[in-house]
Amino acid sequence: MLKLKDVNLAYGPIAAVRKASIDVDAGEVVAIVGGNGAGKSTLLKGIAGLMPVSSGQIIFDGEEISQLAPHKQVARGIALSPEGRQVFPDQTVYDNLTLGAYFRRLSNDVLDAEVEEQFKLFPRLRERRDQLAVTLSGGEQQMLAIARALMGKPRLLLLDEPSLGLAPKIIQEIFGIIVSLRKSGITILLVEQMANMALAIADRAYVLETGSVILSGTGQQLLHDPKVRAAYLGISHNAA
Amino acid sequence: MDVYLQTLLSGLAIGGVYALIALGFSITFTTTKTLNFAQGEFIAFGAFIGVTMLLLFSGLASTTTAVPSEAASAWRYPAAVIAAGAVAGLMGVLIFLLAVRPFAGKGGMNWVMSTLGFGVMLQSIGLAVWGPAPVMVPSPLGDDVLRIAGAGVRPQELLVLACAILIMVALDLVMRRSRIGKAMMAVAHSPQIASLMGINVGLVMIGAFALSSGLAGVAGVLIAPIASASLFMGIGFALKAFSAAIIGGLNNPRGCIYGGFILGVLESAVGLWQAQWREIVVFGLIILVLAFRPAGLFGQAAVDKV
């Protein structure tokens, strides 16, 4: 479904992603794990069109999309729930959700019905329907960011660090939702620093280090890989 | 008593004009983080396009130093207002594409110079077309002073106030209720995130400049019967409107409107006391306000939960 071929992304002269080649098949949950500054978020920004691709190809459903403007990517079926949630703080939960479907030009009735679908998935948002997004807790904002992305009816959902800064209980809840989304047939590309959780739910995963893919395999393989365990799961074998 | 009411009404009328232009500053600032420093020339251009339209609609020669009062009667004045708004709006698209977009979002202040320069060019073009002499413009409601509770009011002042309020209420509704308004708010918060919603951010920014410039054009035709049309009229209005936007808080459209009215009434009130002290007191107060409230009276530093 999504194929990255030798993709390079750079902030001016500084390379952030080097020759990344990644495949995501329809119906899969694919995780990209790695430390701070490994280039994970940059990679998602590149796919969503927020960062210009300096070289390489991004192919979605057989078509090259690496030069498309971001507002056209979303119409093709790729939605990004960005790092740090980035909900619109001065607008209500309802308005944030409707903005997620902005490009689809739905009638108000259809829009209400689709917002209701999101409320079924995220019941806490229903209680907050008319509150400004700035008043929500971090976990609620994360749910809103994901729900807002889903309002674009994406076939590929890009999730950037959904666990960032959240309490363990809320993280469990968010990951539960990701699993149920996968059951509903949405393909998910998940970027996470919480490598253990991400690998546990991922079909396949890539490990990114200073902009390059250094390892790939199924979620379970990587979860039990000694190098991964030492570097990203905080489990050291040579502790004194 | 009458004289106070009179002062208040003319202060509100001129304040309404400041508010319209200040709102224009706020619209481009929130969506593109840039300002059109040629706004003054857009006001003057608006006034002269209005004049030209009034003459054209009445089948008169296209240059004159005083527009006869029949030329502003019936449908002609409203049509001239709309035409001036539309032409100024188109010029706003032009200034965005030529002088702002190449520099916006790249850091630096090149857009300040390029919009100022665009304004200087506009003024020179205006002088070549219409000449330097001011033109008297009649009010569509006539120039007989009305008596309201003993206070003498020019009918044009009431018209300006009514139009300004009408336009601003309509815009406020559009911004808060319509999808395009919410999309503009989204772009104001973050162009990148807005683009993830499928919003064509470039188009919204063009629209913001068209709207802002259109407001300046409309303001020019509204004020022309009071101040008379002159290619040098704009800078004073634009500076006051900019001050009003700063007092009210550039990122708060409603604050800018309040700022405009406050400045207009203040100016009018000081003028009642000592006309030659007007500018000194007004700008002194602006500096004082900013010393204590750097984000403006109604502005607030944005706080985002991380």
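**Figure 1. Helix H2 of chain B in the predicted model.** Helix H2 covers residues 39-57 of chain B and contains 19 residues. From the first C-alpha to the last, H2(B) reaches 26 Å, close to the 27 Å expected at 1.5 Å a residue. The helix is mostly covered, with 17 of its 19 residues buried. Gly59(B) follows H2(B) and has a positive phi, near 70 degrees. The structure shown here and in the legends below is a predicted model.

**Figure 2. Helix H9 of chain B and the helices around its buried residues.** Helix H9 runs over residues 234-248 of chain B. Its 15 residues should span 21 Å at 1.5 Å a residue, and the end C-alpha atoms are 21 Å apart, which agrees. H9(B) is mostly covered, as twelve of its 15 residues are buried. Among these buried residues are Phe237(B), Phe242(B), Ile246(B) and Ile247(B), together with Lys240(B) and Ser243(B). Gly234(B) and Gly248(B) are also buried. The buried residues of H9(B) pack against helices H1 (2-32), H2, H8 (201-227), H10 (253-273) and H11 (278-292) of chain B. After H9(B) comes Gly249(B), with a positive phi near 105 degrees.

**Figure 3. Chain B as a whole.** Chain B holds eleven helices and two strands. Along the sequence these elements follow the pattern α-α-α-α-β-β-α-α-α-α-α-α-α. The radius of gyration of chain B is 19 Å, close to the 19 Å that the globule rule gives for 306 residues, so the chain is as compact as a globular protein of that length. The C-alpha trace of chain B spans about 60 × 45 × 35 Å along its principal axes. Of the 306 residues in chain B, 52% are buried. Among contacts in chain B with a separation of 6 or more, 76% involve residues 24 or more positions apart.

**Figure 4. The side of chain B that touches chain A.** Here 19 residues of chain B are in contact with 24 residues of chain A. On the chain B side, the elements that give two or more residues are helix H6 (179-189) and helix H7 (191-196). H6(B) gives the most, with six residues. By type, the residues on this side of chain B divide into nine nonpolar, six polar and four charged.

**Figure 5. Strand S3 of chain A and its two parallel partners.** Strand S3 comprises residues 29-33 of chain A and is mostly covered, with five of its five residues buried. Val29(A), Ala31(A) and Val33(A) point one way from the strand, while Val30(A) and Ile32(A) point the other way. S3(A) is joined by five bridges to strand S8 (residues 187-192) of chain A, and the two strands run parallel. Within S8(A), Leu190(A) is the bridge partner of Ala31(A). S3(A) also pairs in the parallel sense with strand S9 (residues 204-209) of chain A, over four bridges. In S9(A), Ala205(A) stands opposite Ala31(A).

**Figure 6. Strands S6 and S7 of chain A.** Strand S6 consists of residues 78-81 of chain A. Ile78(A) and Leu80(A) point one way from S6(A), and Ala79(A) and Ser81(A) point the other way; all are buried. Four bridges pair S6(A) with strand S7 (residues 156-160) of chain A in the parallel sense. The bridge partner of Leu80(A) in S7(A) is Leu158(A).

Notes
Residues are numbered from 1 along each chain as its sequence is written. Chains are lettered from A and ligands numbered from 1 in the order in which they are written. This is a predicted model: local features need pLDDT of at least 70, side-chain atom pairs count only at pLDDT 80 or more; totals for chains, interfaces and linings use all residues. Two residues are in contact if their C-beta atoms, placed from the backbone, lie within 7 Å. Ala, Val, Leu, Ile, Met, Phe, Trp, Tyr, Cys and Pro count as nonpolar, Asp, Glu, Lys and Arg as charged, and the others, Gly among them, as polar. The radius of gyration is taken over C-alpha atoms; the globule rule is 2.2 Å times the number of residues to the power 0.38. A residue is buried if 20 or more other C-beta atoms lie within 10 Å of its own, exposed if 12 or fewer, and partly exposed in between; C-beta atoms are placed from the backbone. Two strands pair if DSSP finds at least two bridges between them. The expected span of a helix is 1.5 Å times one less than its number of residues.
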